[in-house]
Amino acid sequence: MKKGGIISLIAVVLGLLAGALLILVTGNDPVEGFTYLFQGGLKDPERIGNTFATATPLILTGLSVAFAFRTGLFNIGAAGQMLFAGFCASAIGLTFDLPTLILVPIMVIVAFIAGAAWAFIPGLLKARFNVHEVVSTIMMNWIAYWTVYYLVPQYFKGSTETESKMLADAATLKMPFLSNLFGGSYINFGLFIAVIMVIVVSFIINRTVLGYELKAVGYNRSAAEYAGISVNRNVILSMMISGGLAGLAGVVQFAGNASLIQIGVLPTEGFDGIAVALLGMNTPIGVFFSAIFFGLLYSGKGFMSAMTSIPPDIADVIIAIIIYFSATSILIKKVIDRVSKSRKYKNSNVGEKVK
Amino acid sequence: MEYVVEMLNITKEFPGIIANDNITLRLKKGEVHALLGENGAGKSTLMSVLFGMYTPEKGIIKIKGKEVKISNPNVANELGIGMVHQHFKLVSNFTVTENIILGLEPKKGLVVDIKTAAKRIEELSKTYGLNVDPYAKIEDITVGMQQRVEILKTLYRNAEVLILDEPTAVLTPQEIQDLMKIIKNLINEGKSIIIITHKLKEIKAVADQCTVIRHGKYIGTVDVKQTSESEMASMMVGRQVSFKVDKVESNPGEVVLDVNNLSVKNNKKVLGLKNATLQVRAGEIVGIAGVEGNGQSELVEAITGLRAIEEGSILLKNQDITKHSIRERIRNGIAHIPEDRQKRGLVLEYTIEENVVLEIYNQEPFSKYGVLDKAAIAKHAKKIIEEFDVRSGEGAKTVVESMSGGNQQKAIIGREIELKPELLIACQPTRGLDVGSIEYIHKRLIEQRDSGKAVLLISLELDEVLNLSDRIAIVNAGEIVDIVNAKDTNEDELGLMMAGIRRGEGA
Amino acid sequence: ACGKGGDTKDAKGAFKVGMVTDSGTIDDKSFNQGTWEGIQAGAKDLGFNLKQDTKYLKPAGETEADYLKEIGNLNDAGFQFIITPGYKFETAINKAQDKYKDDKFVIIDGTPHTAKDFTPNVKDNTVSIFFAEHEAGYLAGIATAVQLKTGDVGFIGGMEIPAVQKYNWGFQQGIKYANEKLGTSISLKANNVVYSGSFTDKAAGQQIAAQMYDRGVKAIFTAAGGVGQGAITEAKNRVASGKEVWVVGVDVDQYADGVYKDNKSIILTSAMKGVAKAASDMVKAEKDKKFPGGQTLTYDAKNDGIGLPKENPNLSSDTITKVNDVFNKIKSGEIVVASERGSLIK
Amino acid sequence: MDLIIQIFPYAIAYTIPLLIVALGGLFSERSGVVNIGLEGLMVVGGFASALTISKLQETHQGEVWVIWVGILVAVLTGALFSLLHAFASINLHADQVISGIAINMIAGALTIFLARNITGSGNISINGITRTDIPVLKNIPILGDLFFKNTYSTTWLVIGILIISTFVLYKTRLGLRLRACGEYPQAADAAGINVYRIRYLGVIISGAFSGLGGAIILVTYSGEFTGSVAGLGFLAIAALIFGQWKPLGILAATLFFGVATTIANVSQVIPSLAHIPPLALKLFPYVVTLIALVIFSKSSQAPKSVGVAYEKGKR
Ligand SMILES: Nc1ncnc2c1ncn2[C@@H]1O[C@H](COP(=O)(O)OP(=O)(O)OP(=O)(O)O)[C@@H](O)[C@H]1O
Ligand SMILES: Nc1ncnc2c1ncn2[C@@H]1O[C@H](COP(=O)(O)OP(=O)(O)OP(=O)(O)O)[C@@H](O)[C@H]1O
Ligand SMILES: [Mg+2]
Ligand SMILES: [Mg+2]
């Protein structure tokens with residue numbers, strides 16, 4: 001894992017270097033650009049708060065993807081799970097008039113369940129029929145997209161046909177005290193949910209019987225089956241937990257960072273989650289830091305763009321290149337191995353088997 | 001007489017291991033040359049070098065006296081060298097013809113000319129007595145037939161020199177006989193052959209010369225006619241070996257496993273095991289002898305619950321477990337050393353610690369309230385590592401992927417024995433292991449028997465079955481042909497029965 | 001570059017104008033583009049350094065928070081005159097006008113209000129601008145009807161947002177008026193009034209337009225962003241194979257988009273709203289220290305804030321005369337175009 | 001039936017890019033490399049052709065060869081860009097799915113970035129090609145209406161490629177080798193075939209075809225590059241699986257998507273469809289795909305070694 005962290009860091013550095021090159025090519029000053037990029041995300045409490053807020057749903061979708069990954073599944077459907085769960089949670093928030101302390105926990109739980117339910121279908125199809133989850137979750141994304149598209153205007157039409165009614169502040173995760181602490185930023189309770197989930201997921205994966213089973217199934221289905229672990233049950237369960245985490249991202253996004261649902265958009269956080277998980281080497285802690293890093297780039301790029309004439313799209317290019325580098329991390333790994341091996345060889349008997 | 005192939009002072013290294021260390025091998029025209037060595041001695045590697053799949057670090061290769069550089073298999077083909085690999089290199093949903101012509105496809109215009117190719121294959125098949133249908137699909141033909149396709153592949157490429165890598169490992173004794181005939185035909189047609197094997201009897205039967213390597217090093221080349229089997233064996237292992245296993249008379253007790261009229265479907269959805277009835281008692285080892293794919297896997301998977309059954313019943317200590325889940329069967333005392341240790345037996349990404357609790361991680365003391373107790377697990381692992389001599393780089397924390405096959409196997413065996421089972425099913429427990437490990441594992445299996453456990457042994461190695469078992473069930477085409485006492489039978493008789501010929505029916 | 005929150009104006013008296021786009025892009029051939037072009041035009045007239053003194057930012061998402069973030073970025077970079085197109089900015093501007101009291105805001109197609117309370121809350125540093133899209137749609141309806149005289153026409157909208165709906169309703173009323181008063185016989189069937197549900201799905205635009213044309217529709221009024229582009233593609237295609245079909249453009253003069261050869265276009269006319277004019281007006285007003293803070297402006301027929309293009313090569317002079325006639329009647333209040341659906345289709 | 005005839009030409013227009021991209025995916029997967037980056041490769045193709053065509057049309061208004069030059073550039077660019085994926089997944093044994101995701105991200109971000117820098121705008125519009133009827137053939141009853149009226153020249157190009165691809169895959173040397181590499185690369189390697197080269201070829205073809213698909217979208221129904229192809233690349237992958245990795249299966253699957261999506265899009269205009277809830281129509285293609293995948297799951301024809309990196313000498 002330590003090596004994984006180093007590889008991610010190297011990928012980040014290489015991505016930033018490539019970005020710097022691009023900035024240079026377009027006739028701008030990379031040092032200036034990066035200065036403003038990071039200032040934009042960190043300069044004052046408000047910006048720091050916004051960076052955290054931007055990172056919050058990414059932490060959760062990143063966890064969602066990483067969790068599935070750890071159990072051998074590729075959940076490309078976090079966007080749909082997030083959207084559907086966000087819709088269900090918002091529906092609760094718009095329908096019931098309850099005190100915040102009761103309503104919001106219900107919404108959070110409903111979001112988790114809705115996300116899990118949405119992911120249950122691909123999980124079931126995978127377990128029972130061996131339908132590849134990449135395809136089924138893509139289909140489920142579109143099904144969520146159109147379902148929400150038609151249900152929002154039908155039942156929760158807001159000021160126009162294209163958006164839902166706005167949630168009352170009491171039905172959101174907003175925390176005025178926290179927001180004020182960060183200079184009026186829109187940071188909200190979702191961050192705590194995300195951090196708690198990082199800890200919970202980390203605990204599940206590393207310390208529990210459930211995590212042991214899920215990983216065993218992910219690494220080697222045949223061996224899990226041999227040991228009497230129910231493979232199907234675990235595949236479904238894993239997809240559901242992954243979907244539930246994406247669902248939490250949904251409530252955090254639509255009842256925290258925003259307070260209404262716009263139809264006609266699949267939340268980009270769902271796809272960014274893949275990149276976050278990847279850069280985080282699929283470990284909860286890694287996901288946390290890589291989400292913060294993504295949040296930093298996303299919230300800083302506008303400022304960079306405002307202060308210089310570097311197009312804001314450069315941030316996306318940098319992220320994409322970082323992902324390519326971490327996808328090809330084997331190259332980096334080889335270099336590291338070579339360096340550490342040549343060291344190892346020096347103080348061991350050459351010719352002995354390296355085990 | 002001139003040499004068709006000379007490999008001189010070949011050295012080939014892999015990261016961390018020297019697979020071939022200064023090896024020399026010379027093959028005369030019209031000769032069958034055996035290459036002998038233990039598992040991992042470097043035989044396949046040496047032949048891969050000759051076939052252009054690896055480039056050696058040192059050494060030269062001469063073909064018909066001329067020095068050559070064999071940079072890839074195409075070059076080898078052009079030089080008239082063909083290889084039949086230990087693991088067949090056949091595309092299973094292609095036809096025989098498609099497989100044979102792959103890489104050397106005749107064309108008619110733009111189109112691959114299957115017809116002409118098939119005709120040529122048919123002719124070759126006749127010439128060498130191979131009897132292969134050029135239009136059959138690989139997945140539909142027997143292993144023996146597939147091997148002939150591999151031989152045809154080399155002949156189609158006009159190979160002068162054929163390399164056969166452990167060709168007999170997957171064959172029935174009768175198929176082995178046929179192969180020997182084919183080898184003779186090939187020699188008569190002017191081919192030269194290198195055959196890899198660690199079966200001394202076969203070398204005696206067919207080879208002229210024998211080159212022995214050990215731990216990647218060249219030991220020597222002998223004239224087979226002049227050398228005894230035990231001489232070759234000690235060259236191979238480096239010491240005097242007795243392949244006999246010491247064991248006392250068995251003392252069978254009550255019936256532990258009782259399989260009645262069991263029928264099970266195989267992966268192709270047809271009955272792979274038909275109406276099998278078998279009992280294993282406490283304190284005895286029952287061996288299953290048979291060629292791969294004759295119902296052994298189906299039997300074991302049905303007993304362990306990995307595969308649904310069609311008909312029949314399975315009783316464990318008089319309790320009907322036919323409908324029990326895998327986990328319940330493990331609880332009830334079935335332990336299973338799986339035939340494919342990397343596919344079934346281990347989670348390669350897990351450490352030794354994690355692997356030794358694969359079946360019991362959810363029981364106390366290894367977990368409580370759904371939370372793993374890492375200390376208890378570590379203690380358990382330590383015990384197994386010590387008792388079963390599992391060697392690895394970082395002790396209990398070693399990721400098993402990085403361990404050698406023998407040590408992986410020891411870890412599995414330790415884990416299963418530590419389950420303290422009533423019935424121990426051991427499938428191919430020594431496959432791919434060296435002599436030292438084999439001896440050790442055999443000792444542990446006998447120990448289990450002597451302590452009153454029922455042991456079901458499945459092995460493709462007749463020697464192993466004969467030496468370890470008290471009783472032997474022979475399977476053929478999914479049926480139990482017969483069950484005999486190990487003392488009352490021999491390899492020849494078993495071989496006949498494995499080919500489906502019952503006792504007394506004669507050949 | 002520039003320091004934080006510095007002077008609104010530099011030595012030359014130029015100030016920096018920023019814009020935040022809504023979900024569309026800066027080249028959406030619609031109000032994002034219109035707003036930006038207006039800013040550029042205004043700034044150019046005033047002799048600004050376009051590269052340094054004007055800037056647009058594209059938010060990462062469409063939430064209030066995303067919008068506020070970009071507004072904050074502009075503010076911090078010294079762009080203290082900020083124009084935002086679209087009703088989606090309503091709550092964001094409502095907060096921004098309090099948060100950045102030294103900045104000036106122009107919101108187009110919307111008015112600041114809180115989440116719960118829809119009463120407009122236009123502070124002194126904000127101007128809210130609306131357009132009478134229904135009047136523009138009305139004129140387009142008249143022009144289409146008079147030019148074609150008989151036959152079917154259709155409407156393709158994007159998503160059902162207010163501006164698009166108003167175009168639609170106005171268009172329907174215009175057709176009706178022409179049929180009743182100007183002797184035309186144009187029909188607009190319910191099936192031919194469609195909201196595609198997207199502003200980007202060009203394939204859908206093409207397919208819907210094709211179905212309409214196949215069913216005898218001669219001209220389609222599109223108010224649908226990229227979906228409209230799909231319809232234009234389809235129309236060009238048909239004209240190239242000798243058929244006569246038309247598209248009525250929206251927001252800006254789309255004539256150039258419809259050119260298929262020799263400067264001939266399938267754009268019959270366009271229902272324009274003066275987004276660019278509004279944006280440039282505001283920039284100039286600020287420069288002249290006449291920024292109408294606190295007001296809600298409506299750009300309509302009366303102040304030439306909406307209309308058809310000056311040049312309409314595809315309209316006969318008779319048509320143009322009649323359209324102008326109606327235009328004047330709207331100006332004078334003789335004709336009142338409803339901005340509500342009422343009994344209209346969809 | 002009438003309905004089908006009415007919408008068919010437009011359904012085809014939608015089907016064709018999907019078909020060619022899925023066909024590209026077929027070559028990649030049959031050679032053993034999963035390519036989830038088709039979406040990004042389409043975007044790259046769309047961008048390259050848009051840029052080329054718009055530049056050329058500035059001086060050569062209305063000339064058809066301009067379009068074809070644009071398409072050619074798209075094909076080449078797609079092929080070139082796919083090398084990134086090939087290198088990662090073939091030489092570096094990277095996780096092919098992840099590498100594909102990275103390709104999608106790079107393509108999306110880089111094209112917009114370049115478009116902004118080159119043209120000052122993220123969008124590039126062009127004048128596309130027009131549909132024509134095929135003389136004589138168009139008069140065949142029903143078939144003429146379905147297939148030979150209102151067709152784009154690119155449609156015939158793609159149909160041609162489909163036929164050639166089927167031929168290549170099943171009748172030629174290359175096809176045999178390609179399929180062997182996807183099924184059991186060890187066998188191909190032992191037969192002296194350069195597995196890496198074949199896989200590179202498979203990926204490059206997928207890049208070229210995806211680029212072509214992106215360009216076709218541009219020159220037929222879209223007329224404008226906007227930095228995205230709205231999930232069509234992913235849909236192509238679904239069609240590839242739905243079509244069971246066979247050219248004709250893919251044709252059927254993409255045609256199904258084309259027709260179903262077109263029906264959903266135009267339902268409001270067509271009186272006989274107008275009463276079906278639009279949600280049902282929109283969901284139809286996706287739900288049917290899921291059901292179809294379940295039905296086909298029993299007899300999956302996936303190349304056995306697809307997605308598995310081939311390491312020479314690994315046993
Ligand atoms: N590609 C490889 N990379 C690393 N090590 C390898 C590779 N191939 C073989 N080895 C190692 O080289 C040694 C010789 O292997 P080889 O396959 O030649 O043995 P063998 O004599 O054919 O054994 P067997 O009887 O099991 O077939 C072994 O230790 C093996 O693990
Ligand atoms: N194909 C291969 N590729 C890479 N490494 C290999 C390969 N085969 C073997 N190795 C490595 O080479 C080393 C020796 O493996 P091998 O299985 O030959 O051990 P061994 O000497 O036979 O030990 P044992 O007797 O315990 O089986 C191990 O570290 C193994 O991981
Ligand atoms: Mg070994
Ligand atoms: Mg070998």
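Predicted model: local features only at pLDDT ≥ 70, side-chain atom pairs only at ≥ 80, totals over all residues.
Residues are numbered from 1 along each chain as its sequence is written, and chains are lettered from A in the order in which they are written. Local features need pLDDT of at least 70, side-chain atom pairs count only at pLDDT 80 or more, and totals for chains, interfaces and linings use all residues; side-chain values use heavy atoms, without hydrogens or water.

Chain B holds an open sheet of 4 strands in the order β14-β13-β16-β17. The pairing is antiparallel. Helices (H or I, at least four residues) and strands (E, at least two) are DSSP runs, numbered from the N terminus. Two strands count as paired if DSSP finds at least two bridges between them. At the edges of the sheet lie β14 (271–281) and β17 (319–320) of chain B, each of which pairs on one side only. Helix α9 (residues 296–304) of chain B packs on this sheet. The helix touches β13, β14 and β16 of chain B, and its direction makes about 120° with that of β13(B). Contact here means heavy atoms within 4.5 Å. Axes are lines fitted to C-alpha atoms, for helices over the stretch in contact, and angles between N-to-C directions run from 0 to 180 degrees.

Strands β13 (residues 255–265) and β16 (residues 311–316) of chain B run antiparallel and are joined by 5 bridges. Val259(B) stands opposite Ile314(B). Asn260(B) stands opposite Ser313(B). In a regular strand the side chains alternate between the two faces of the sheet. β16(B) also pairs with β17(B), in the antiparallel sense, over 2 bridges. There, Leu315(B) has Asp320(B) as its bridge partner. These two strands, β16(B) and β17(B), form a hairpin with 2 residues between them. In the turn, Lys317(B) has a positive phi of about 50°.

The interface of chains C and D brings 32 residues of chain C into contact with 30 residues of chain D. About 2600 Å² is buried between the two chains, 41% of it on carbon and sulfur atoms. Buried area is the accessible area (1.4 Å probe) that two parts lose on being put together, summed over both. The interface has 2 salt bridges (a side-chain nitrogen of Lys or Arg within 4 Å of a carboxyl oxygen of Asp or Glu). One of them links Glu234(C) to Arg131(D), with the closest N and O atoms 2.3 Å apart. On the chain C side, β8 (193–195), α7 (202–214) and α8 (226–240) each give two or more residues. The largest share, 10 residues, comes from α7(C). By class, this side has 10 nonpolar, 12 polar and 10 charged residues. Ala, Val, Leu, Ile, Met, Phe, Trp, Tyr, Cys and Pro count as nonpolar, Asp, Glu, Lys and Arg as charged, and the others, Gly among them, as polar.

Between chains D and A, 39 residues of chain D are in contact with 36 residues of chain A. The two chains bury about 3500 Å² between them, with 86% of it on carbon and sulfur atoms. The salt-bridge count is 0. On the chain D side, α3 (64–91), α4 (96–119), α10 (232–242) and α12 (278–297) each give two or more residues. α4(D) supplies the largest share, 14 residues. The chain D side divides into 30 nonpolar, 7 polar and 2 charged residues.
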